[in-house]
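Here are my notes on this one, point by point. Have the model open while you read.

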Amino acid sequence: MKMIHTLFVILESIWLSGCATSVIVDFDEKIDFTTLKSFALMPADKNKTDDIRLNSPLFAKRVNKALANTLNSRGYQQQEKAPDFYVTYHLRIKQEVESRSSGMRVGVGSYGSHSAIGMSYGFPEYDVYSYERGILTIDILNNKKALIWRGSTSRILGDEKTPQESDKVVNEVVAQILEKFPPGHKKTGK
């Protein structure tokens, strides 16, 4: 029975690793990012989405708090007058459809002191489902408000039921993106 559990955990880990997305970054290579010390938050993208979950002032407050906390923890100072750079973000929800074929079966069994693994193939079964993927893009603009750095990632939207669960997800995603800022930044262990 322990062997069945171990096999299940391995297969589930392989499947879940396929759901993870990476952070995509682009930046102006001419900028000396080491000179940036202070920042100010700008309002989110004026192009509102059609989704009221993202247009919520509560959600905007949550994202701005995560941006400020993450940058402050990295040594940047928030100041509204004459900052070195500005930070803003863009949100989007994308509907995606996925299908999976499940015609292959793997079985594990035991009888007495013997155990065995078996495989079989049957008629393919297809599971088709749709889901929503949230895309967060963070922009860093110079003091003239020209784009100098952009980081973006996506995540399958969950069903966070409490403000605390939403805070946790937003903090994780913002930290994941800003881990790549500034370019060449190495994460240090504490």
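1. Start with the α2–α3 contact. On the α2 side you have Phe-59, Arg-62, Val-63, Ala-66, Leu-67, Thr-70 and Leu-71, and they meet Pro-163, Ser-166, Asp-167, Val-170, Asn-171, Val-174, Ala-175 and Leu-178 of α3; contact here means heavy atoms within 4.5 Å. Sorted by class, that contact has ten nonpolar, three polar and two charged residues (nonpolar being Ala, Val, Leu, Ile, Met, Phe, Trp, Tyr, Cys and Pro, charged being Asp, Glu, Lys and Arg, and polar the others, Gly among them).

2. Before going on, a word on provenance. This is a predicted model, with local features needing pLDDT of at least 70 and side-chain atom pairs counting only at pLDDT 80 or more, while totals for chains, interfaces and linings use all residues. Numbering runs from 1 along each chain as its sequence is written, and side-chain values use heavy atoms, with hydrogens and water left out.

3. Now the geometry. The axes of α2 (residues 57–73) and α3 (residues 163–178) come within 9 Å and cross at roughly 45 degrees; axes are lines fitted to C-alpha atoms over the stretch in contact, with angles from 0 to 180 degrees between N-to-C directions. The two helices are therefore oblique to each other (under 35 degrees is roughly parallel, over 145 roughly antiparallel, 65 to 115 roughly perpendicular, and the rest oblique).

4. On to the rings. The whole structure has seven aromatic pairs, where rings of Phe, Tyr and Trp (its six-membered ring) pair if their centres lie within 6.5 Å, and planes under 30 degrees apart count as stacked, over 60 as edge-to-face and the rest as tilted. In the Phe-33/Phe-181 pair the centres are 6.0 Å apart and the planes at 90 degrees, so this one is edge-to-face. Phe-33 sits in the loop between β1 (24–27) and β2 (38–41) and Phe-181 in the segment after α3, so the pair ties together parts 148 residues apart in sequence.

5. What about Phe-181 and Trp-149? Their ring centres are 5.2 Å apart with planes at 70 degrees, so they are also edge-to-face. Both Trp-149 and Phe-181 are buried (under 20% relative accessible area, with exposed over 50% and partly exposed in between, using a 1.4 Å probe and protein chains only). Phe-181 is at 0%, and Phe-33, at 8%, is buried too.

6. Ring pairs link Phe-27, Phe-33, Phe-39, Tyr-76, Phe-85, Trp-149 and Phe-181 into a cluster.

7. Overall, the chain has three helices and eight strands (DSSP runs numbered from the N terminus: H or I of at least four residues, E of at least two).
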